[in-house]
There are 2 protein chains.
Amino acid sequence: MATNIGFIGLGIMGKPMALNLIRAGYHLVVHSRSRGPVDEMVAAGATAASTPADVARQTDCVITMLPDTADVELVVSGAHGIVVGLKAGAIVIDMSTISPIATERLAKAVASAGGHMLDAPVSGGEVGAKAATLTIVVGGNHAAFERARPILACMGNPDRVMHIGPSGAGQTCKLCGQIAVSGALAGVSEAFALAEKSGIDKARVREALLGGFSASKVLEVHGERVLAGNYRPGFSARLFQKDLRLVHETATANAVATPATSVVSHLVDALVAAGGGHLDYAAVATMWLEKADGVFETELR
Amino acid sequence: MATNIGFIGLGIMGKPMALNLIRAGYHLVVHSRSRGPVDEMVAAGATAASTPADVARQTDCVITMLPDTADVELVVSGAHGIVVGLKAGAIVIDMSTISPIATERLAKAVASAGGHMLDAPVSGGEVGAKAATLTIVVGGNHAAFERARPILACMGNPDRVMHIGPSGAGQTCKLCGQIAVSGALAGVSEAFALAEKSGIDKARVREALLGGFSASKVLEVHGERVLAGNYRPGFSARLFQKDLRLVHETATANAVATPATSVVSHLVDALVAAGGGHLDYAAVATMWLEKADGVFETELR
């Protein structure tokens with residue numbers, strides 16, 4: 001596999017992921033909207049390129065890590081997009097969380113230009129990006145996945161770099177994870193609301209529930225956040241709102257009803273509208289607890 | 001503490017729990033609606049009593065393990081109920097899952113008769129009852145709990161015999177657990193529905209999700225049931241329906257809305273109405289997957 005890798009999108013997640021590739025010995029050609037992170041990467045040994053097409057011209061593997069579907073569409077298939085400069089046989093790895101449906105469309109555009117596109121969204125947040133312990137679920141051609149695996153393994157836990165299925169399957173799997181998290185979070189929120197209104201110690205309830213069938217990562221981690229009233233993200237409500245919008249679009253396109261997830265989605269919408277978009281999304285529990293007043297102004301610890 | 005213990009209700013859960021007390025060296029005075037289990041217990045060394053009042057006359061501690069609120073009300077405060085024969089200072093331990101509100105009422109009746117009532121519902125099912133590994137969450141007077149603890153520890157995991165709060169708090173905590181399980185189960189069901197309709201391997205999705213923030217006991221255990229289509233209970237949909245009815249009553253009485261749990265509750269109602277009440281409640285996932293047809297006639301393995 002190429003030792004030159006393109007990396008487009010150097011935000012909270014992208015920058016530490018790109019740095020892990022440099023540490024692993026790859027030479028990076030980078031592009032980002034903001035000048036600051038590009039300069040940092042150049043100082044670390046990377047080369048800057050002025051457009052996504054220029055990145056593609058210099059590399060056999062281009063990684064994108066961008067906020068939303070429209071950003072990836074512009075970077076991949078826009079006027080100065082990756083497809084314009086793509087080398088024959090090159091791999092495009094989109095590690096953003098975006099629409100599985102748009103992903104299938106973009107994969108076709110990349111294939112028409114003679115390359116392969118993999119969708120490889122990540123879980124594990126900023127902490128996992130820095131520590132290279134991300135979970136990476138991948139959709140697309142299996143042979144292309146095997147070529148990309150050593151690169152992905154530098155950014156994630158090698159045991160948790162998994163091929164899920166064809167193009168779009170990585171994105172769909174990521175959304176399935178957000179659905180499962182939403183359900184668990186709703187359960188914890190409603191349980192805490194009942195405990196609180198009944199005058200029972202929520203910490204004691206959490207402890208009892210962690211030992212039984214009701215145990216979950218969400219009860220453990222978000223349960224602790226709710227008990228402490230500490231909503232320093234983690235993962236912000238605004239980004240979770242974006243993921244739940246993708247869930248709704250994708251579920252609807254597949255004729256699937258997600259009534260429990262939509263309860264959470266609506267309360268996250270209300271949380272963001274009320275001014276809580278910057279808080280960890282576990283703060284949605286306050287929407288059930290009717291303790292939202294004042295919490296948005298809380299100084300983050 | 002007394003070495004004579006009363007035990008009323010020798011069903012699927014009650015009988016193995018009572019046998020564990022005999023194994024621990026207690027002498028039991030038993031009563032049950034069905035003759036069969038009473039004969040079995042007498043063969044194991046217990047004494048039979050003809051009414052709950054007669055049980056109470058011979059013991060300082062009476063345990064009840066009954067299907068629903070009305071059963072416990074009849075056995076505790078009916079014409080031939082425990083209260084009629086209660087010794088001064090005796091403890092009544094209700095290990096059924098019933099209404100926290102009715103529990104508070106019954107605890108007052110027991111207190112008026114000179115005794116103490118503890119609510120001590122269990123989790124862990126038939127397997128936990130046989131293996132004496134139940135989780136037992138307790139509400140009521142703390143001193144009475146300490147007197148009862150050695151007895152409870154013969155039926156459950158001693159580390160998971162927990163005092164939660166005042167009378168009713170054990171029942172409320174048990175319901176909080178069922179709420180948390182409902183949310184997690186909704187999340188898993190909706191995630192699997194999206195995976196299935198998208199044509200992605202659900203087993204692969206489950207594996208990916210178990211490694212991340214979406215991990216839960218429900219994804220692990222019920223996820224496996226759904227993948228295998230094996231709904232041998234476990235815990236039946238009919239009993240889960242009863243618990244979710246208690247959740248709704250109790251939440252409403254405390255002015256708490258549980259919209260996500262009510263999604264699950266309505267689908268469990270539909271599952272039972274369609275003929276699936278005898279299946280493990282994980283079968284509710286089929287209501288999202290639209291694969292319910294035919295599954296109710298499945299031979300249990």
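**Two domains and two chains**

Tutor: This is a predicted model. The domain assignment divides chain A into domain 1 (4-165) and domain 2 (173-293). The centres of domain 1 and domain 2 of chain A, taken over C-alpha atoms, are 30 Å apart.

Student: What makes the two domains of chain A a contact, and how many residues take part?

Tutor: Contact requires heavy atoms within 4.5 Å. In chain A, 13 residues from domain 1 and ten residues from domain 2 take part. Between them the two domains of chain A bury about 870 Å², 65% of it on carbon and sulfur atoms. On the side of domain 1, A:Asp68, A:Thr97 and A:Ile101 lose the most area, together 43% of what that side buries.

Student: Why is the pair A:Asp68 and A:Arg245 called a salt bridge?

Tutor: The rule asks for a side-chain nitrogen of Lys or Arg within 4 Å of a carboxyl oxygen of Asp or Glu. The closest N and O atoms of A:Asp68 and A:Arg245 are 2.7 Å apart, so the pair meets the cut-off of 4 Å. The count between domain 1 and domain 2 of chain A is one salt bridge.

Student: Which elements give two or more residues to the side of domain 1 of chain A that touches domain 2?

Tutor: They are α6 (100-112) and β7 (122-123) of chain A. By class, that side of domain 1 has eight nonpolar, four polar and one charged residues.

Student: Why give an area for an interface?

Tutor: The size of an interface is often given as the accessible area lost when the parts come together. For chain B and chain A the buried area is about 4,500 Å², of which carbon and sulfur atoms give 73%. B:Glu190, B:Leu194 and B:Phe213 supply 16% of the area that chain B buries against chain A, more than any other three residues.

Student: How many salt bridges and polar contacts lie between chain B and chain A?

Tutor: The count is zero salt bridges, while 14 residue pairs are in polar contact, both residues at pLDDT 80 or more. On the side of chain B that touches chain A, α9(B) gives the most, with 19 residues. That side divides into 33 nonpolar, 16 polar and seven charged residues.

Terms used
Residues numbered from 1 in each chain as written. Chains lettered and ligands numbered in written order. Predicted model: local features only at pLDDT ≥ 70, side-chain atom pairs only at ≥ 80, totals over all residues. Heavy atoms only, no water. Domains from an automatic or database assignment. Buried area = accessible area lost by both parts, 1.4 Å probe. Helix = DSSP H or I, 4+ residues; strand = E, 2+ residues; numbered from the N terminus. Nonpolar A, V, L, I, M, F, W, Y, C, P; charged D, E, K, R; others polar. Polar contact = N/O pair within 3.5 Å; in protein donor to acceptor, adjacent residues only side chain to side chain.
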